[in-house]
Amino acid sequence: MRKTLILVCSIALVAFLGSLVDFDGANAGEKSPYIGASKCKTCHKKPEAGEQFPIWEKSKHASAYATLAGEKSLAIAKEKGIANPQEADECLKCHVTGHGAAAELLGTKYDKTEGVTCESCHGAGGAYYKKKTMVGIMTGEIDGASVGLVTPDEKTCKTCHNEESPTFEGFEFKEMVKKIAHPIPDAKKA
């Protein structure tokens, strides 16, 4: 009885919090604020929690924005008539998490220079980043999708890894996902 009551209260609390940030489960990622990778780092850097942040930090995703200032990117931009790829929507939509989102959805820790962060794959974290919510998700008390947490799949990746990219050379999901693989934290250790 007590567990049922706790679960019902948790669901009611999530629904109430959701109403405060004006989102529903289907659109949670679209209306939830972006918090930035530095906020994710707080809990996702420790070995006992899976070290997701250090794994991301070493990835090409972390340097996606900086890549736009490189020689190759500048040459591609010039061919396409783009003066500065670090300011061009057609480049930033895939090289910066949250690009194009309303200004009120870009939290104080949001930083476009972080590149392609956790929130590009897992959805804007404003409604799920707190430890209590994450533990609730990991223990099954909260449905992550109800608070905007996305379980990325091939479709998620192909939003950017597609023929629209001037450097696209194909995308083999099963191989590429191995390059960015990171462990799911244990609820008991988080």
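How many cavities of 30 Å³ or more does the count come to? The count comes to 1 cavity, where a cavity is a set of points, on a 1 Å grid over the protein atoms alone, at which a 1.4 Å probe fits but cannot get out. Rolling a probe the size of a water molecule over the atoms shows where empty space is left.

The structure is a predicted model, in which local features need a pLDDT of at least 70 and side-chain atom pairs count only at pLDDT 80 or more, while totals for chains, interfaces and linings use all residues. Residues are numbered from 1 along each chain as its sequence is written, and side-chain values use heavy atoms, with hydrogens and water left out. The protein chain has an average pLDDT (the predictor's confidence in each residue, from 0 to 100) of 83, and 81% of the residues score at least 70. Over residues 1-29 the pLDDT is below 50, and this stretch has 22 contacts (heavy atoms within 4.5 Å) in the model beyond near neighbours in sequence.

The protein chain contains 11 helices and 0 strands, these being DSSP runs numbered from the N terminus (helices H or I, at least four residues; strands E, at least two). Of its 190 residues, 31% count as buried; buried means under 20% relative accessible area, exposed over 50%, and partly exposed in between (1.4 Å probe, protein chains only). Among contacts between residues at least 6 apart in sequence, 61% join residues at least 24 apart.

The largest cavity has a volume of about 30 Å³, a volume being the space filled by probe spheres set on grid points that are joined across faces, edges and corners. Among the residues that line this cavity are Gly 36, Thr 97, Tyr 110 and Lys 112; lining residues have an atom within 4 Å of a point. Lys 112 is also touched by Gln 86, as are Tyr 65 and Leu 92. Gln 86 is found in the loop between α6 (71-79) and α7 (89-95) and counts as buried because its relative accessibility is 18%. Its side chain reaches the backbone oxygen of Tyr 65 at 3.1 Å, a polar contact (a pair of N or O atoms within 3.5 Å; within protein, one must be able to donate a hydrogen and the other to accept it, and residues adjacent in sequence count only if both atoms are side-chain atoms).

The second largest pocket holds about 1,100 Å³ of space; a pocket is an open set of points with protein on both sides within 12 Å along at least five of seven lines. Of the 40 residues in its lining, His 44, Gln 52, His 122, Leu 149 and His 182 lie nearest its centre. Helix α9 gives the most to this lining, with 5 residues. The buried residues of α9 (residues 131-138) are Thr 133, Met 134, Gly 136 and Ile 137. These fall within an arc of 160 degrees seen down the helix axis, so they line one face of the helix; the arc is that of the directions from the helix axis to the C-beta atoms.

Ser 32, in the loop between α2 (28-31) and α3, is buried, with a relative accessible area of 0%. A polar atom of its side chain lies 3.4 Å from the backbone nitrogen of Gly 126 and 3.1 Å from that of Ala 127.

Notes
Lists of a residue's contacts leave out its neighbours within four places in sequence.
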